[in-house]
Amino acid sequence: MLRFNDILDRLLAYNPHADVDLLRKAYVFSAKVHMGQVRLSGEPYLTHPLEVTGILTQMRLDLATLATGLLHDTVEDTLTTLEEIRENFGEEITQLVDGVTKISQISFRSSEEKQAENFRKMILAMVKDIRVILIKLADRLHNMRTLRYHKVEKQVDIAQETLDIYAPLANRLGIEWIKSELEDLAFKHLHPDLYSDLQRKIAKKEKERYRYIDEVKRTLAKKLYENKIEGEVTGRLKQIYSIYQKMRDQNIDFDQVHDITAFRVIVNSIKDCYDVLGIIHSIWKPIPGKFKDYIGLPKENLYQSLHTAVIGPYGERIEIQIRTHEMHRIAEEGIAAHWKYKEGKPLDEADDRRFTWLRQLLEWQKDLKDDQEFIESVKVDLFPHEVYVFTPKGEVKEFPVGATPVDFAYSIHSDIGNHCIGAKVNGKIVPLKYEFKSGDTVEILTSPNQRPSKDWLKFVKTSRAKAKIRQWFKAEEREKSIALGKEILDKEFKKYDLQQAKLLKTGELAKVAEAFSFLTPEDLIAAVGYGKITPNQIIGKILPPERLERKEEEEESRLKSLIHKITHKGPKDVLLIKGVDNIMVRYAGCCNPVPGDRVVGFITRGRGVTIHTMDCQNLMDEDPNRKVEVEWDSTKEYSYPVRIRILSDDKKGLLAEISSSIASHEANITNARVETTEDKKAIGLFEIQIRDLNHLRKVIKGLEKIKGIHRVERLRLESHAES
């Protein structure tokens, strides 16, 4: 059993200036609150936090982490509160204890590969201080060492969780020795018979294997000496789980696994690494495809080494790793290797650049200005663009940062998204705009009466949600267009004694749809509603030309009769209206047409013809049958009102210059209004009388020459076409 004094000795060995009083205080507090509690093994519960802290000293971690090791179960397994931890040990240790407690409360229910990876990512995303994970790994390692005291069913559950979640986490953080031990312990409890069988077979060959290891080591050491390279050569039997993986992946028996021994050469420099590689390949024949250069291309967890496999003595395959002492330290300790203790100095620039996935680590809290600076220095954000949340069934879903319940709802099913009215996050009602945090448990609330809102497009983050919302509105618009198309067609069909229902039944509309390259009659009808196809185009495909011509003559006669009934006033004599005369003419206020503009006439109900510019937006969706061709009569002159806006400096005398310029171009001002702005600018709105478009252009050109005027523009007022 590990004693507290053993922990102190280990700590002082790598950190002789540590505040042992803080650690002693944590030990006393833990002993007090765990008093009377025993583990399944029958030992006092305190043995567990002591063993966990002992593992943390093997990683050479800082004082706050060791104190947390002693306290990590106090909130979860005793009546102690986080507030008590905060009062006694401060904010930093409280945050660490809270982080470990939260991870311990998560239930990992799925061993499916993608879910397991999401769980791992979620843990890393939840934990902003990497030390929390290190403490949790130490906690899991000791629990695995004592797993035999649990019931078999519990052993299997914990072992599987360890293999799925915690061993890969240790690997991701580069802590090789913890990863290997967790894998072997998990394998031992998941497949006890297979584990025992492999252990027995390895033991049979153990003496023979170690003799072989010694021979290879001597050969390598001699060659290093001959080439004047300082280096350390080690050899070992591979871990049981590693051998099992090879048997499983290659579908072979134990006797067919020839490379159960692994060797490592540790040298002083990168140059020596490559020199040693050359020496090894000169002694033994390399196996093609088995060389890996993790020095030039480090692994994601920063692991670096050269890997090679060769045919060694007696024709046996052997694997050899070559690395520097620094690479070896990182390979064994991973992220923990970077809690350095160099008289309180921060990491140098090379370290900081190299470990870009971690923020700069500072070693001593006491050497910094405040606790918060130290806490920030050891925080990480490994997944800054992702969040991981739980479904009510315990599955983990991955979303981009900023994702909301609407994104979640559409990830389940489009119907759930379309009818989503809200959500419960961690049991509490939240708005649809709520942004997820890693670890949230999300439940979607729906209503059959709910429909998507275009506002949702402003805050959803996933492409699926955006696509499904747009798809819904597109479908809704299509339904409206079909209804409108049917109404328009019914109205026009009546003029020709045609029935839409009958045309659908006989297949006539289907033929017309095909002629216009539509798949279905509904597509054709929707196109009418959208304004892409006119009813006359469809009728032209159904009726013979002679009947259409006769009907057109009747319509033209009716239109002339209607127009001749309209009395006239105003400047119609400067317009030539095709096919009619003696009508009332009005000019649209929305576009203010003047001679020179391309224009079109629109027949209004009881108010004659309104003249619009050809590109007037208000005419785009109007009935094309009520439009008539018009053109200006160049032989007639008339004055037309036009509105212009002038943006200028706010300076004395400028208004007089504007008036003088307009008058000099033989135009008359009928109305004027000028406002000034806070930035000493003036906005002038003028209504002037001009003859035609060329006259207007000359007026504007003259105004633009005046010093202090920035912009002159013709105004077109927004309005609707009169009907």
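1. A residue counts as buried when its relative accessible area is under 20%, and in this predicted model Thr324 has a relative accessible area of 7%, so Thr324 is buried. The residue belongs to strand E6, which covers residues 317-324. If neighbours within four places in sequence are set aside, Thr324 is in contact with Ile266, Val267, Asn268, Ser269, Ile270 and Cys273.

2. The same cut-off can be applied to His612, which is found in strand E15 (residues 609-613); because its relative accessibility is 1% and buried means under 20%, His612 counts as buried. His612 and Cys591 are 21 residues apart in sequence, while their C-alpha atoms are 6.3 Å apart in space.

3. Which strands make up the open sheet, and in what order do they stand? There are three of them, arranged as E10-E9-E11 with antiparallel pairing. Strand E10 (428-430) and strand E11 (442-446) each have a single partner strand and stand at the edges, so one side of each is left without a neighbour in the sheet. Neighbouring strands here are turned by 35° against each other on average, direction ignored.

4. Helix H18 (residues 405-412) lies across E9, E10 and E11, and runs at about 80° to E11.

5. The structure holds 13 aromatic pairs. For Phe399 and Phe408 the ring centres are 5.9 Å apart and the planes stand at 35°, so this pair is tilted; both residues are buried. Phe399 also forms a tilted pair with Phe436, with 5.9 Å from centre to centre and 50° between the planes. This second pair links distant parts of the chain, since Phe399 lies in strand E8 (residues 396-400) and Phe436 in the loop between E10 and E11, 37 residues apart. Phe436 is buried as well, with a relative accessible area of 4%, and the relative accessibility of Phe399 is 5%.

6. Other ring arrangements deserve a mention. Phe187, Tyr195, Tyr241 and Tyr244 form one aromatic cluster, Arg209 lies over the face of Tyr212 at 5.2 Å from the ring centre, and the charged end of Lys454 sits over the ring of Phe473, 5.4 Å from its centre.

7. In soluble globular proteins, nonpolar side chains tend to be buried together. The largest nonpolar core here has 70 residues, of which Leu23, Met59 and Leu137 touch the most other members. Helix H8 (residues 130-145) supplies the largest share of this core, nine residues. A second, separate core of 28 residues includes Ile688, Ile690, Leu693 and Ile709.

Notes:
Residues are numbered from 1 along each chain as its sequence is written. Side-chain values use heavy atoms; hydrogens and water are left out. Two strands pair if DSSP finds at least two bridges between them. Helices (H or I, at least four residues) and strands (E, at least two) are DSSP runs, numbered from the N terminus. Axes are lines fitted to C-alpha atoms, for helices over the stretch in contact, and angles run from 0 to 180 degrees between N-to-C directions. Contact means heavy atoms within 4.5 Å. Buried means under 20% relative accessible area, exposed over 50%, partly exposed in between (1.4 Å probe, protein chains only). A nonpolar core is a set of buried Ala, Val, Leu, Ile, Met, Phe, Trp, Tyr and Cys residues joined through side-chain atoms within 4.5 Å. Rings of Phe, Tyr and Trp (its six-membered ring) pair if their centres lie within 6.5 Å; planes under 30 degrees apart count as stacked, over 60 as edge-to-face and the rest as tilted. A charge sits over a ring if NZ of Lys or CZ of Arg is within 6 Å of the ring centre and within 35 degrees of the ring normal.
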